[in-house]
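Hello,

Here is the structure I promised to pass on to you. Please open it alongside this email, and then read on for what turned up in it.

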Protein chains: 2
Amino acid sequence: MALFVQKFGGTSVGSPERIQAVADQIIRYRAQGHQLVVVVSAMSGETDRLLGLAASVAERPAPRELDVLLATGEQATIALLSMALQARGCQARSYTGPQVQILTDNAHNKARIKAIDGQRVMADLAAERVVVVAGFQGVDESGNITTLGRGGSDTTAVALAAALKADECQIFTDVDGVYTTDPRVVPQARRLARVTFEEMLEMASLGSKVLQIRAVEFAGKYNVPLRVLSSFAEGDGTLITYEDEGMEQALISGIAFNRDEAKLTALGVPDQPGVAHLLLGPVAEANIEVDMIVQNVAPGGDTTDFTFTVHRNDYQRALEILQTVAGDMGAREVVGDPKIVKISLVGVGMRSHAGIASTMFQTLAAEGINIRMISTSEIKVSVVVDEKYLELGVRALHDAFHLEQPMTA
Amino acid sequence: MALFVQKFGGTSVGSPERIQAVADQIIRYRAQGHQLVVVVSAMSGETDRLLGLAASVAERPAPRELDVLLATGEQATIALLSMALQARGCQARSYTGPQVQILTDNAHNKARIKAIDGQRVMADLAAERVVVVAGFQGVDESGNITTLGRGGSDTTAVALAAALKADECQIFTDVDGVYTTDPRVVPQARRLARVTFEEMLEMASLGSKVLQIRAVEFAGKYNVPLRVLSSFAEGDGTLITYEDEGMEQALISGIAFNRDEAKLTALGVPDQPGVAHLLLGPVAEANIEVDMIVQNVAPGGDTTDFTFTVHRNDYQRALEILQTVAGDMGAREVVGDPKIVKISLVGVGMRSHAGIASTMFQTLAAEGINIRMISTSEIKVSVVVDEKYLELGVRALHDAFHLEQPMTA
């Protein structure tokens, strides 16, 4: 018998029929003798409906009241799922975030969980009840309703699992696990049985939108084993855990990629201390997020070339800012390219194996793909290439590292 | 400056446009310097939508979970109204029933208010905020969400007014006050400026569905001045208060009537102690509500005729039960009539004036209307007549007592 916290997102509970299907699935887990805490989101479409209502009464709805409004979405789902369970003869009890004391700070619309009082839930579990908890919402110290922001239900589930010392936090979603890369790009992409928190973080931030980054961080911090499963199909999904010293570790876990990147370069900037801050400060102030940053000293000179990437939507604004700033600094020229993409190899195995990067560069070169930028971290190598090479590059790398086969020693 | 608790029902907040209109109206009251606590219901249609969802996942939804579900209706309204107020530059803050500590018993779906902690609301009023509270809902001692049953928002408003010692509890509705009778039946029907709690109770229980009976009882018990006003039109509405010794009191305040009544009679029942209980016990056990009860000893015999009325929907079931029970008791015959109505004169003035009933009977006789049953209380005379005489009888009585004129001395 194990204690699982299971989270079902909006699509999984998107209609009465779906809710019935989730109830049936919970009954199957119960039949195996497990204790279950179930975290649910608002029915899909509900949050947008509520936002629409808010927009129709106020141009900029007050954040506190928006939380009161949005919190009704999950509250409806917990009631409906509990009813469906009880109709199947399964003892169940629902709790809103405030009821189960998911204590947050008071940053409405994007609150962070500070503490959870698991007493009430533990008492219900001891009484053999399934406990159904509203995701995404909590309460601040003054008793105000707060929400964690979109996707916060994953975080609720992980936080509950940590507070209850659950054996696993299981995130049910519309994909059946984490893949070596996007199967729409590489049909041979393989579901990973395991992946480490660090790898998952790199994958998530690089665009594999299976899990909320905050939930993964939280799970890593509190060492909550996290499993991604399909709501609609049987299977073991992907387990996300701490690196296990004993386990044979793949060199590369997967290939992530980001479309929609853009690249900007200031050429011939006088090479002086603080140049990065002078160039990027105004960009940050305009609320533009900068991703990769590369700086090279130009050969034989006292000037430097400075390159960074931003989201493609921010390209035009970033370009204008950079032209002004770099001009003031006496840079020779500002150039940019809004049609680039980033491809990244991710794997904790890189730590102990040299030569991964060179295999990567070689593979891309063999396909005639020109690398425009390189950036590395302990468990990741990212390259920027022209947009048109995205699929070719990802497929070539997937082949080169034999990711279609389970485990390369 | 006065403190008003204002309640707006589902129709008044039935769309974003209506909510905006309510916000505008609140702003006008604020401009007059009043302190306001606003109680709102779910948007019209919302409760039915939620009940539909519940019905689609469970045949008999668990009462506790039904309350969790239904409570989302008012929660959405308080948020939307608060947003609309803030968008107009008016400080406002919303509270759910549990947040403002409307403590109830744990009778889910029909809970009763036990206590209200007004501290939080008073603090907001002192800070010049409009306080928006969800009607219809509360919390039991264990922190479970409860609801007061349909129409409970009126009760919430009155209970809040009592707890806060408000100057008036103002119920905004789709009628502009309490009338001497239904204006659809008597076009000359007149809005009453004042009516007593007792009269209002008799009117309400007799079918003038302006206010929830429980709310009126509550207001009477705690001496909360209650005013019925229109959400859609200007006007002073009707004030419902304790009888004022000094005020000139009309003989008759109004004429109420109940369609949809049915009458059953057991003829020739042996006249023995406990006959009423023997006949009506099984009817009550079948959850059929009995309204008027009349018993007569048949002339010169040891048998009695026993008549009572029920709602027309219960007629067939009541008839079957009565046939069995009366048969067992040796009654001569059971007869019934499902096409009768009840007309009632209501007025505290009756207490000190004789002759009201006889004027009533004389008026009906002059119109050729046969009275089938009579029942009286201290401030009411009710007669049962054939359905077809309803309009004729009500109009004749309205004329006879000059109810179209304000105040008959």
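A word on terms before we start: the domain bounds used here come from an automatic or database domain assignment. For chain A, that assignment gives domain 1 (3–173) and domain 2 (255–400). The C-alpha centres of these two domains of chain A lie 40 Å apart. Please keep in mind that this is a predicted model.

**How the two chains are related**

Chain A can be laid on chain B with an RMSD of 0.4 Å, by a turn of 179 degrees and a shift of 0.1 Å along the axis. The two copies are thus related as by a two-fold rotation axis. If you want to find that axis on your screen, look for T72(A): of the residues of chain A, T72(A) comes closest to the axis, with its C-alpha at 2.3 Å. The same surface serves both copies, as 100% of the contact residues of chain A recur in chain B.

**The contact between them**

Chain A puts 29 residues into the contact, and chain B puts in 29 residues. On the side of chain A that touches chain B, α1 (16–31), α2 (46–57) and α3 (63–87) each supply at least two residues. Which helix gives the most to that side of chain A? It is α3(A), with 14 residues. By type, the residues on this side of chain A divide into 18 nonpolar, nine polar and two charged.

Just after α3(A) comes G89(A), which takes a positive phi of about 80 degrees.

Over in chain B, have a look at helix α9 (residues 315–328). The buried residues in α9(B) are Y315(B), A318(B), I321(B), L322(B) and A326(B). Seen down the helix axis, they fall within an arc of 130 degrees, so they line one face of α9(B). Those buried residues pack against β13 (254–270), α8 (275–285), β15 (303–311) and β16 (333–346) of chain B. The face turned away from the buried side carries the exposed residues Q316(B), E320(B), T324(B), G327(B) and D328(B). Just after α9(B), G330(B) takes a positive phi of about 80 degrees.

Is K342(A) buried or exposed? This residue lies in strand β16 (residues 333–346) of chain A, and K342(A) is buried because 24 other C-beta atoms lie within 10 Å, where 20 or more count as buried. Leaving aside residues up to four places away in sequence, K342(A) touches F257(A), N258(A), E261(A), S382(A) and V384(A). K342(A) and M373(A) are 31 residues apart in sequence and 9.0 Å apart in space, C-alpha to C-alpha.

The other residue is E217(A), in helix α7 (residues 213–221) of chain A. E217(A) has 16 C-beta neighbours inside 10 Å, so E217(A) counts as partly exposed. Between E217(A) and V38(A) there are 20 Å from C-alpha to C-alpha, and the two are 179 residues apart in sequence.

Best wishes, and happy browsing!

Key. Residues are numbered from 1 along each chain as its sequence is written. Chains are lettered from A and ligands numbered from 1 in the order in which they are written. This is a predicted model: local features need pLDDT of at least 70, side-chain atom pairs count only at pLDDT 80 or more; totals for chains, interfaces and linings use all residues. Two residues are in contact if their C-beta atoms, placed from the backbone, lie within 7 Å. Helices (H or I, at least four residues) and strands (E, at least two) are DSSP runs, numbered from the N terminus. Ala, Val, Leu, Ile, Met, Phe, Trp, Tyr, Cys and Pro count as nonpolar, Asp, Glu, Lys and Arg as charged, and the others, Gly among them, as polar. A residue is buried if 20 or more other C-beta atoms lie within 10 Å of its own, exposed if 12 or fewer, and partly exposed in between; C-beta atoms are placed from the backbone. The arc is that of the directions from the helix axis to the C-beta atoms. Copies are superposed by least squares on the C-alpha atoms of residues with pLDDT of at least 70 in both.
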